[in-house]
Amino acid sequence: MSKASDQRDWTKPAAKAIPKGGFFADEVEQGRYGPIFPKSPACYGFSILGKVIPGREEVFYEYAGNIEKTIAAQPDALAVLKLHYLRWVLFPIKGETYFMYQGIFDTDFDKYTEDAVALFGATGINTVFENLEGFPKDWKTNAPAFVKFVREHQCPSFLEYGEYPFVSAEEIKKALRVKAALSDMLDQMQ
């Protein structure tokens, strides 16, 4: 997607077929750690698939509970990541467990991964990725190693759809605040 196409009409749903490999040959943009996956109608995002270290499956559920508690106590704990959605999935393949991390966010791939490393480093929290085979032990001090792991485990999508294409999470929140204010105003007029 070119920068101009990011300004499309958000009132009309949009879909984009993405070539095998995840990049449009004529629009590859180089980032600090390699090519940047393109922005789609769903914004930026990635899906990571990794093999879980045997015996560590339960740790993923513990991490999920910890994140739920953290967000309940501090709703903006992940704000720096500019997330729309995260989805974690564990599934079996031939007797082994795999983890899929799917995220949709507003920043490009490099910024998201750097921000994630900085966030975890600043809070002292470890990442659930430590329970995946091949994850770098020095990830907190070695952002390039973290990015390399994520890129090697990225499964590019080949279709992305947006009901409200190219709209940032902040724009959605702003629209909902305006809606709430108008609703309150109308309630007071009755």
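**Close-up views of a predicted model**

**Figure 1. Phe109, Asp110, Thr113 and Val117 of helix 2 meet Ala143, Phe146, Val147, Val150 and Arg151 of helix 3.** Contact here means heavy atoms within 4.5 Å. The residues of this contact comprise 6 nonpolar, 1 polar and 2 charged (Ala, Val, Leu, Ile, Met, Phe, Trp, Tyr, Cys and Pro count as nonpolar; Asp, Glu, Lys and Arg as charged; the others, Gly among them, as polar). The model is predicted: local features need pLDDT of at least 70 and side-chain atom pairs count only at pLDDT 80 or more, while totals for chains, interfaces and linings use all residues. Residues are numbered from 1 along each chain as its sequence is written, and side-chain values use heavy atoms, with hydrogens and water left out.

**Figure 2. The axes of helix 2 (residues 109–123) and helix 3 (residues 143–153) come within 10 Å and cross at roughly 125 degrees.** Helix 2 is therefore oblique to helix 3 (under 35 degrees counts as roughly parallel, over 145 as roughly antiparallel, 65 to 115 as roughly perpendicular, and the rest as oblique). Axes are lines fitted to C-alpha atoms, for helices over the stretch in contact, with angles from 0 to 180 degrees between N-to-C directions. The crossing of helix 2 and helix 3 is right-handed, that is, the near helix is turned clockwise from the far one by less than a right angle, anticlockwise being left-handed. Helices (H or I, at least four residues) and strands (E, at least two) are DSSP runs, numbered from the N terminus.

**Figure 3. An open antiparallel sheet is formed by 3 strands in the order 4-6-5.** Strand 4 (44–51) and strand 5 (83–93) are the edge strands, each with a single partner, so one side of each lacks a neighbour in the sheet. From one strand to the next, the twist averages 10 degrees. Strands pair if DSSP finds at least two bridges between them. Strand 4 is joined to strand 6 (residues 96–105) by 8 bridges, and Ser47 has Gln102 of strand 6 as its bridge partner.

**Figure 4. Strand 5 and strand 6 pair in the antiparallel sense over 10 bridges.** The bridge partner of Leu86 in strand 6 is Gly103. The hairpin of these strands has 2 residues between them, and Lys94 takes a positive phi near 50 degrees.

**Figure 5. Among the 19 aromatic pairs is that of Trp88 and Phe99.** Their ring centres are 5.5 Å apart and their planes stand at 85 degrees, so the pair is edge-to-face. Rings of Phe, Tyr and Trp (its six-membered ring) pair if their centres lie within 6.5 Å; planes under 30 degrees apart count as stacked, over 60 as edge-to-face and the rest as tilted. Because Trp88 lies in strand 5 and Phe99 in strand 6, the pair ties together parts that are 11 residues apart in sequence.
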